[in-house]
Amino acid sequence: MRITSTSCICPVLVCLCFVQRCYGAAHHGSIKVTRNQTKHVEGETEVHHRPKRGWVWNQFFVLEEHMGPDPQYVGKLHSNSDKGDGSVKYILTGEGAGTIFIIDDTTGDIHSTKSLDREQKTHYVLHAQAIDRRTNKPLEPESEFIIKVQDINDNAPKFTDGPYIVTVPEMSEMGTSVLQVTATDADDPTYGNSARVVYSILQGQPYFSVDPKTGVIRTALHNMDREAREHYSVVIQAKDMAGQVGGLSGSTTVNITLTDVNDNPPRFPQKHYQLYVPESAQVGSAVGKIKANDADIGSNADMKYTIINGDGSGVFSISTDKETREGILSLKKPLNYEKKKSYTLNIEGANTHLDFRFSHLGPFKDVTMLKIIVGDVDEPPLFTMPSYVMEVYENAKIGTPVGTVTAQDPDTANSLVRYFIDHNTEEDRYFTIDASTGTIKTAKIFDREETPWYNITVAASEIDNPGLVSHVPVGVRILDVNDNPPELAREYDVVVCENAKPEPFQNQSVIQTITATDKDNSANGARFHFSLDEGLSLNPNFTLRDNEDNTASILTRRRRYSRTTQEIYYLPVLISDGGVPPLSSSSTLTIRVCACERDGRVRTCHAEAFLSSAGLSTGALIAILLCVVILLAIVVLFITLRRSKKEPLIISEEDVRENVVTYDDEGGGEEDTEAFDITALRNPSAAEELKYRRDVRPEVRLVPRHHPSSSLDSIDVQEFIKQRLVEADLDPSVPPYDSLQTYAYEGHRSEAGSISSLDSATTHSDQDYNYLGDWGPEFKKLAELYGEIESERTT
């Protein structure tokens, strides 16, 4: 099949088409004509005849953006088998077949029905085949070919990142690079000049320039000053077709801002300033502001203010406000109009961040003179001291002078001063002050051991102007007087072992070391003296030794002690201090004798010592005893309830419900003859007349003893039980619930008599127990017991 195309229009394209066709004939033989002739002869196989191969061109071109009214002709398909009689049918398949590209199935002409855009799709792959119109059989194999979309200049250059915002330092040299812009063209860069872009500047001259090939923007002037102009708007154009006439173009805006550098020194607007400050201004307060102007911004305008000279440099100080860049003038010392009425200061303002490239524009600092006028103000009285500390002895009488405060009017008028105490706290009510002299006196009797220090506030005001008040703190220290005797530091539990061993080479051993305390201060109680009461006789058991370090040792004077002889000893101790006058007190030590181990550990003492050694406090002992009492009360209550009368099984005769009452009360033993009459168990005939309810405790009756007789032999136990059963069924007083009545019969009395003790309480024994008294003291109690029993029986 041969494919022809008419897209090669100009001579150059014709040559290219010719070369391509020749090249395709040599290397791209993808379309062939195959004619299959088959003879169906019986007994012979099919014979395939291969026709001559036809090599044709397999690529078409179509222009993009075709706007004509008729479909655009693309090319023609032709098969070697086509004789022009219309027997060959051409079929086109693949990308865009039937929608974009159509084919005349008789002539093989291919047309494009739509306008194509190369930027969306550059080529289409299709397949062509020639078939027999009558038999619909292929005349040759399917062939593949390509239709390429040929580019035209239909896309203008575009700046994808614009608009741009960029900065460049002011005062930069000419030619300083600012930014590189890039425009893109969607046309085919390999075909013509459609995608060849050049750059130019439309707005922003003469300050900036652009490289036509690279798009680099540069400064075009020397020393561009931010303070003169800060913002620039530059418009850059990109044009294709190498900038020729007819080329398409696009533009973008570049906003350029000049950044600041320190090229402007600070300047004070005036060379002389004057400031009024009243003498009542507080120390540390701001009294004025001053500012030097700087055309720069940011850190390039940062400034530092200093006082370089002047007679007020020691009275005033200056600091810099970083936000407003102002100099804040503050007061270092109090002003006094009567002493000095004015001050002069030389103030310097200098940049802190210097750029040495612009040092020739300096110096980057400026100086101005400030005159300060001190204003006269009526001031409150001034105390001679900023605070006072006074002393008074404890126990001093009310009205005792403590000290005096003094204040004066600092003004020239020198008005009289009145004193008073601010009663803001309770402590201020413990003192009084003379309004004229300022003498402070006591208003109560003080105890140093209760409160050793008092703080009060004294105020002073002018008599002519009471509204002007000044205050001063006054501290009053209460001095100590030796008014508290020393006493033992704590309660001592002194223990001495029964086998106390004396110290080596001595007959005494230390069993306790005691110390003392004194509520007075060290001047009146630092040294303590310990001794035994001299008014008492010499203690033969213990003695005391003063260690001369505010402690004393208790020593034994014996080798052995015995708890059985004496368990507790009392030792009076006399303690005196070194105050003036000296005070003393007497305390008594309790010494307990205990049994100890070999290493000196206490093994046991009396109950109090044992509990103390166990670490039990009085509260714990009371709690333990209370628990024991509660437990005993519970036990007694339980026993009392057990012995109380049992409740009947049936609470009410009207209760007709079935009830199974279970109880496991233990009987009273062999001596309990009142709970149940067991005569019926021994002798059924004796219980003939006893008809008691089984659910109610029977009344106690005295039943005479029945001796066995011959009538017992005639009683049938089985008949007796049946009789009882009938009586129970016919008894109208029996409650309507199940009741179990059990009867047992021991049998006849044996000839040997009963060995049970059940009958011992009702029979008399012939036994004589008087012989137990002859058995000696070991059986004395038994003889007395049986003798009492015998006497009771006799009685």
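A disulfide joins C594 to C605, with the two sulfur atoms placed 1.6 Å apart. This pair links distant parts of the chain, since C594 belongs to strand 39 while C605 lies in the loop between strand 40 (602-604) and helix 3 (607-613), 11 residues apart. The torsion about the S-S bond of C594 and C605 is about 125°, so this disulfide is right-handed. The model is predicted, and the values in this report should be read with that in mind.

In general terms, a disulfide is a covalent bond between the sulfur atoms of two cysteines. The structure holds two disulfides. Besides the pair already described, C497 and C596 form a disulfide in which the sulfur atoms are 2.0 Å apart. With -85° about the S-S bond, the link of C497 and C596 is left-handed. It too connects distant parts of the chain, with C497 in strand 33 (residues 494-497) and C596 in strand 39 (residues 584-596), 99 residues apart. Strand 39 therefore contributes a cysteine to each link, C594 to one and C596 to the other, with burial being assigned under 20% relative accessible area.

| Cysteine | Relative accessibility | Class |
|---|---|---|
| C497 | 15% | buried |
| C596 | 6% | buried |
| C594 | 0% | buried |
| C605 | 10% | buried |
| C627 | 47% | partly exposed |

Because burial requires a relative accessible area under 20%, C497 counts as buried at 15%. C627, at 47%, counts as partly exposed, because that class covers values between the 20% and 50% cut-offs.Turning to the chain as a whole, seven helices and 40 strands are assigned. Of its 795 residues, 32% count as buried. Among contacts between residues at least 6 apart in sequence, 67% join residues at least 24 apart. The chain exposes about 50,000 Å², and carbon and sulfur atoms supply 53% of this area.

Strand 18 runs antiparallel to strand 21 (residues 342-351), and six bridges join the two. Y305 has G349 in strand 21 as its bridge partner.

The average pLDDT is 78, and 75% of the residues score at least 70. Confidence is lowest in helix 1 (residues 11-27), where the mean is 33, and highest in strand 20 (residues 326-331), at 95. Over residues 607-614 the pLDDT is below 50, and this stretch has five contacts in the model beyond near neighbours in sequence. Residues 686-712 also have a pLDDT below 50, and that stretch has 39 contacts beyond near neighbours in sequence.

Conventions:
Residues numbered from 1 in each chain as written. Predicted model: local features only at pLDDT ≥ 70, side-chain atom pairs only at ≥ 80, totals over all residues. Heavy atoms only, no water. Disulfide = S-S within 2.5 Å. Helix = DSSP H or I, 4+ residues; strand = E, 2+ residues; numbered from the N terminus. Buried < 20%, exposed > 50% of the residue type's maximum accessible area, 1.4 Å probe, protein only. Contact = heavy atoms within 4.5 Å. Areas by Shrake-Rupley, 256 points an atom, 1.4 Å probe, with all protein chains shown as cover. Pairing = 2+ DSSP bridges. pLDDT = per-residue confidence, 0-100.
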